[in-house]
Amino acid sequence: MQQPLPILLSTLLVTTSAAYADSPWSVAGGVIAVDSPYANTDTKVMALPMINYQGEKLTLRGYTLDYTLLQQHGFSWSATLAPGQFFDSSDSDNPAIKALNERKMSLYAGTKVSYAASFGRVSASVSHDILGNGDGAKFKTDYSYPVKLTKELMLAPFVGVEINSSQLSNYYYGVAEGESSTFDAYELSSTVNYNIGLLASYQLNRNWNVNALVKFNQLDADIEDSPIIDTDNLTTAMMSITYHF
């Protein structure tokens with residue numbers, strides 16, 4: 001499994017918005033490098049264009065949709081739809097990994113609550129795979145503290161936790177009975193992953209801003225012990241530029 005690239009790109013590529021933008025529409029392009037936890041699978045580097053829309057209630061960030069159900073006094077509650085993780089086993093240089101079944105992309109529908117105040121921003125979400133691939137659920141919570149260093153430059157350190165159900169963990173990290181002639185069957189219970197990172201955003205002018213991100217993920221010990229996984233942590237690095245109409 002690669003990291004959930006569509007989610008990363010959608011939520012992190014356009015985290016900030018132009019202060020003087022006249023339109024809810026923006027376009028972005030970026031380069032993102034994401035480690036793979038699978039044995040003998042190289043870091044994936046991708047360059048993708050993005051189209052974004054920030055309306056009164058509906059938000060489109062590349063591949064994700066967010067519809068605000070309630071918003072007041074810094075509190076927000078919304079319904080969400082977002083693609084998730086995947087893994088093409090042919091990406092590995094290891095013949096035994098290549099022989100594994102493909103882990104198809106999931107599509108998560110769920111709900112999210114967030115609260116922003118002077119101490120920062122806290123959010124939590126729960127979602128379920130509606131395509132039936134991973135056929136599991138996940139819970140995510142994170143905290144960020146944006147700091148405006150200058151009129152143009154903002155830094156936002158963040159930390160987060162993600163809990164994956166046993167169905168989800170097994171689909172992406174486990175080995176099913178009879179799936180491999182090399183690896184023994186391996187079954188996981190629910191897993192907990194942690195992340196920490198830093199987002200930087202620089203407003204070039206009225207319409208353009210540049211984003212950069214570094215994110216470190218610590219994987220659950222049960223994931224690390226899987227015979228098809230060869231690391232206990234993953235790193236993501238991203239740079240992007242956004243044009244606001």
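Predicted model: local features only at pLDDT ≥ 70, side-chain atom pairs only at ≥ 80, totals over all residues.
Visitor: What does the radius of gyration say about a chain of 245 residues?

Guide: Set the value beside the one for a compact globule. For 245 residues that would be near 18 Å, and the protein chain has 19 Å, so the two agree.

Visitor: What share of the residues is buried, and what makes up the accessible surface?

Guide: Of the 245 residues, 42% count as buried. The accessible surface comes to about 12,000 Å². Carbon and sulfur atoms hold 58% of that surface.

Visitor: What do contacts between residues apart in sequence show?

Guide: Take the contacts between residues at least 6 apart in sequence. Of these, 59% join residues at least 24 apart.

Visitor: Which residues have the most contacts inside the largest nonpolar core?

Guide: Ile 97, Phe 183 and Ile 228 do, in a core of 19 residues. Helices α2 (95-98) and α3 (166-173) each supply at least two residues of this core. α3 gives the most, with three residues. There is also a second, separate core of eight residues, including Ile 32, Ala 156, Phe 158 and Met 238.

Visitor: What is Ile 97 in contact with, leaving aside its neighbours within four places in sequence?

Guide: Its partners are Ala 39, Phe 87, Ser 89, Ser 92, Phe 183 and Ile 228.

Visitor: Now the rings. How is an aromatic pair described?

Guide: By two values: the distance of the ring centres and the angle of the planes. A search of the whole structure finds six aromatic pairs. In one of them, Tyr 243 and Phe 245 have ring centres 5.1 Å apart and planes at 90 degrees. Planes over 60 degrees apart count as edge-to-face, so this pair is edge-to-face.

Visitor: Which cluster do ring pairs form here?

Guide: Ring pairs link Trp 208, Tyr 243 and Phe 245. Tyr 243 is partly exposed at 24% relative accessibility. Phe 245 is partly exposed too, at 42%.

Visitor: Where does the charged end of Lys 138 sit?

Guide: Over the ring of Tyr 108. The charged end of Lys 138 is 4.5 Å from the ring centre.

Visitor: Which values of phi deserve a check in residues other than glycine?

Guide: Look for positive ones. Asn 40 has phi near 55 degrees. Asn 40 lies in the loop between β1 (25-34) and β2 (44-54), and is partly exposed at 41% relative accessible area. His 73 also has a positive phi, near 50 degrees. His 73 is in the loop between β4 (64-72) and β5 (75-83). At 74% relative accessibility, His 73 counts as exposed.

Visitor: Last one. Where is Pro 157 placed, and what is it in contact with?

Guide: Pro 157 is in strand β10 (residues 153-164). Leaving aside neighbours within four places in sequence, Pro 157 is in contact with Tyr 143, Ser 144, Tyr 145, Gly 197 and Leu 198. Pro 157 is partly exposed, with a relative accessible area of 35%. Its C-alpha atom is separated by 28 Å from that of Tyr 38, 119 residues apart along the chain.

How values were computed:
Residues numbered from 1 in each chain as written. Heavy atoms only, no water. Phe/Tyr/Trp six-rings, centres within 6.5 Å; stacked < 30°, edge-to-face > 60°. Buried < 20%, exposed > 50% of the residue type's maximum accessible area, 1.4 Å probe, protein only. Lys NZ or Arg CZ within 6 Å of the ring centre and 35° of its normal. Rg over C-alpha atoms; globule rule 2.2 N^0.38 Å. Contact = heavy atoms within 4.5 Å. Areas by Shrake-Rupley, 256 points an atom, 1.4 Å probe, with all protein chains shown as cover. Core = buried A, V, L, I, M, F, W, Y, C linked by side-chain atoms within 4.5 Å. Helix = DSSP H or I, 4+ residues; strand = E, 2+ residues; numbered from the N terminus.
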